[in-house]
Amino acid sequence: MDRRKFLGVGLAAFAAIVAPGTDLMAIDFRATKPKAWEVEKTVDGIKALYGNAGLKESKDLQFKAPKLAENGGSIPITVKSSLDLESIAVFQDANPRCLSCVFSVPKGAIIEYDFRIKMRQTAVVTIVGKGRDGTLYTTSKEIDVSIGGCGG
């Protein structure tokens, strides 16, 4: 047996043994909340995704993003939190659809996500985290875009 095949089989066996013992799951928000992906405004997007629960500003939900994005086609975002969240969503009103992405958070996970979004113009980016108790936490920041990322 060559080395690549051995490593591939070993990795597959390891995953088969370890995976049932973990609490990993992901929700397909496009299938379960399709209207959230169609709305234009952040307020409507939050209602479509999470319902009418009130938002609570929290310093335990933080995100870093540049104040001025020179290229709207690739804006780096870092989200960190010490809260016990089940999901995190990113909204912005710069594009035709306000919901940028949603993350399912495994129980007990360390929340420190790095990703990039596109924005065609200057807008406020809003992060909403849903706690396991149903509480919605939020934080927001305006990002100035000098070159549009959606064909601009």
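## The open sheet

Which strands make up the open sheet of three strands, and in what order do they come? The order is E2-E4-E7, and the pairing is antiparallel. Keep in mind as you look around that this is a predicted model.

Strand E2 (61-64) and strand E7 (111-117) sit at the edges with a single partner strand each, so one side of each has no neighbour in the sheet. Going from one strand to the next, the twist averages 20°. Strand E4 (residues 75-81) pairs with E7 over seven bridges, in the antiparallel sense.

## Strand E9 and its partners

Strands of a sheet can pair parallel or antiparallel, and they do it through backbone hydrogen bonds. E9 and E8 run antiparallel and are joined by eight bridges, with Val128 standing opposite Thr138 in E9. E8 and E9 also form a hairpin, with four residues between them. Look in that turn for Gly134, which has a positive phi of about 95°.

E9 has parallel pairings too. One is with E1, over three bridges, where Glu57 stands opposite Thr138 in E9. Another is with strand E3 (residues 68-69), over two bridges; here Ala69 has Val145 in E9 as its bridge partner.

## Helix H3

Now for a helix. In H3 (residues 42-50), the buried residues are Thr42, Gly45, Ile46, Leu49 and Tyr50. They span an arc of only 100° around the axis, which means they lie on the same side of H3.

Just past the end of H3 comes Gly51, with a positive phi of about 90°.

## A cluster of rings

Phe103, Tyr113 and Phe115 are linked into a cluster by ring pairs. The count of aromatic pairs comes to two. In one of them, Phe103 and Tyr113 are tilted, with 4.9 Å centre to centre and 40° between the planes. Phe103 belongs to strand E6 and Tyr113 to strand E7, so this pair ties together parts that are 10 residues apart in sequence.

Phe103 also pairs with Phe115, again in a tilted arrangement: 5.2 Å centre to centre, with 50° between the planes. Phe115 lies in E7 and Phe103 in E6, so here the parts tied together are 12 residues apart in sequence.

## Ala94 in its loop

One last stop is the loop between E5 and E6, where you'll find Ala94. Is Ala94 buried or exposed? Its relative accessibility is 0%, so Ala94 counts as buried.

Which residues is Ala94 in contact with, leaving aside its neighbours within four places in sequence? They are Met119, Arg120, Gln121 and Ala123. The C-alpha atoms of Ala94 and Lys118 are separated by 8.8 Å, and these two residues are 24 residues apart along the chain.

Conventions. Residues numbered from 1 in each chain as written. Predicted model: local features only at pLDDT ≥ 70, side-chain atom pairs only at ≥ 80, totals over all residues. Heavy atoms only, no water. Buried < 20%, exposed > 50% of the residue type's maximum accessible area, 1.4 Å probe, protein only. Arc of directions from axis to C-beta. Pairing = 2+ DSSP bridges. Axes fitted to C-alpha atoms, helices over the stretch in contact; angles between N-to-C directions. Contact = heavy atoms within 4.5 Å. Phe/Tyr/Trp six-rings, centres within 6.5 Å; stacked < 30°, edge-to-face > 60°.
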